[in-house]
Amino acid sequence: MDLILPDDLLERILSYLPLASIFRAQAVCKKWHEIVNSERFVSHTLSQKPWYFMFTSSDEPIGYAYDPILRKWYGIDLPCIETSNWFIASSYGLVCFMDNDSRSQLYVCNPITKKFRRLVDPTGMRFSDYSSLAISVDRISYAYNVSIVKSKQVPGDFFQWDISIHVYDSETMVWVTSKTEVLSGWRGGDESVICGGILYFLIYSTGGTRDSRHGLITYNLSNRSSSHNLLIRSFIPVPCSLTCGRLMNLRDRLVMVGGIGKPDRPDIIKGIGIWVLKGKEWEEISKMPHKFLQGFGELDDVFASSGTEELIYIQSYGAPLLLVFDMNQKQWKWSQKCPVTKRFPLQLFTGFCFEPRLEIAP
């Protein structure tokens, strides 16, 4: 076909293919490979909605990726990651993985092209009780920052927790410990995200008579001179009593998906809500309709959730069910059924959202 059609017309035809087909098309011949990888083609390729990768095994990093445009699942292999319980964060086509044991193995990869880079070991305490991972990619330069928030109990004092923030810069390829502080009555967890140069992470109550078990801390990554300010002074209350919270960046807006606890049993979910942070106030966007909520369990931490651009994915830990919420249309709908079945009662499912892009590499 490339001997008959001029390059510009062939380029236009290829640009209308779904991303998975475009990636396969580059293997057809040398001409197609050159077109698909050309700067002009990449810049004019139709934008893709974010995909969701669902792990189908707790032992191996295998699974399927969901394309919401074609409503299809694709079997893809992830580079670098060894098990599905690794820490995972994504931003603009890149995904960051960190192992759950030593928490010193860090990789940044493009899950579509399989290109990856191993980062140098992070600074600070090697072992921590809790860690959270975040990545932010500059959409123009493709430079990126990776942050790790580490939390470790002060020996002999469950009320006191050491918090440290470590930031990696892809341009200098160096880790910097940006902030250390001891929090009283609060500890870090495994939820953090970067929005507009601000690092947000959830903290969790370690006891006392507080009304809420969760809070939000902010840290300005672009203004390190403010590092002398106490983290606890940036505290933002969550909008209601939550069983769990999931943070995500949607077009530089901080969005939280949270399990709403029952008034008399805060560890039991009565609903799932979505909020956007505006200043220091939360604005409710939507609550999951009851007909969808029935697909989730009742205990405090029963779902995974991540999103980017205008889509939010919410997945049940107990079944390969994936619910999609469109922020623009305010619409809830199930994805097409994932081509996997539950093999045993205690099998767990999880996953993450990422933007499928061909042009970016770590």
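Predicted model: local features only at pLDDT ≥ 70, side-chain atom pairs only at ≥ 80, totals over all residues.
Phe352 and Phe354 are both buried, where buried means a relative accessible area under 20%, exposed means over 50%, and partly exposed lies in between (1.4 Å probe, protein chains only). Residues are numbered from 1 along each chain as its sequence is written, and side-chain values use heavy atoms, with hydrogens and water left out.

**Aromatic rings**

A pair of aromatic rings is described by the distance of the centres and the angle of the planes. Rings of Phe, Tyr and Trp (its six-membered ring) pair if their centres lie within 6.5 Å; planes under 30 degrees apart count as stacked, over 60 as edge-to-face and the rest as tilted. The structure contains 19 aromatic pairs. One of them joins Tyr92 and Tyr142, whose ring centres are 6.2 Å apart and whose planes meet at 35°, so this pair is tilted. These two tyrosines connect distant parts of the chain, being 50 residues apart. Tyr92 is in the loop between strand S4 (87-91) and strand S5 (94-98), while Tyr142 is in the loop between strand S8 (130-137) and strand S9 (144-154). Here helices (H or I, at least four residues) and strands (E, at least two) are DSSP runs, numbered from the N terminus. Tyr92 is buried because its relative accessibility is 9%, whereas Tyr142, at 28%, is partly exposed.

The rings of Phe352 and Phe354 are also tilted, because their planes stand at 40° with the centres 5.9 Å apart. Which aromatic cluster do Phe352 and Phe354 belong to? Together with Trp51, Phe53, Phe55, Tyr74 and Phe97, they form one aromatic cluster.

Charged side chains also lie over rings. A charge sits over a ring if NZ of Lys or CZ of Arg is within 6 Å of the ring centre and within 35 degrees of the ring normal. Arg187 is placed over the face of Tyr130, at 3.8 Å from the ring centre. Arg246 is placed over the face of Phe303, at 5.3 Å from the ring centre.

**Salt bridges**

A salt bridge is a side-chain nitrogen of Lys or Arg within 4 Å of a carboxyl oxygen of Asp or Glu.

Salt bridges with shared partners join Arg139, Arg251, Glu309, Glu310, Glu355, Arg357 and Glu359 into one network. Within the pair of Glu355 and Arg139, the partners come from distant parts of the chain, 216 residues apart. Glu355 belongs to the segment after strand S24 (350-354), and Arg139 to the loop between S8 and S9. Is Glu355 buried or exposed? Glu355 counts as buried because its relative accessibility is 6%. Arg139 is partly exposed at 44%, as are Arg357 at 22% and Glu359 at 23%.

**Cysteines**

A disulfide is a covalent bond between the sulfur atoms of two cysteines. With the criterion of a pair of cysteine sulfur atoms within 2.5 Å, the structure holds zero disulfides. For Cys96, the nearest cysteine sulfur is that of Cys109, 8.7 Å away. Cys96 is buried, with a relative accessible area of 0%, and Cys195 is buried at 5%.

**The chain as a whole**

The protein chain has five helices and 24 strands. Of its 362 residues, 53% are buried. Contact means heavy atoms within 4.5 Å; among contacts between residues at least 6 apart in sequence, 52% join residues at least 24 apart. The accessible surface of the chain comes to about 16900 Å², with 51% belonging to carbon and sulfur atoms. Such areas come from the Shrake-Rupley method with a 1.4 Å probe; for residues, only the protein chains shown count as cover.

Leu346 is located in the loop between strand S23 (331-334) and S24. Leu346 is exposed because its relative accessible area is 74%.
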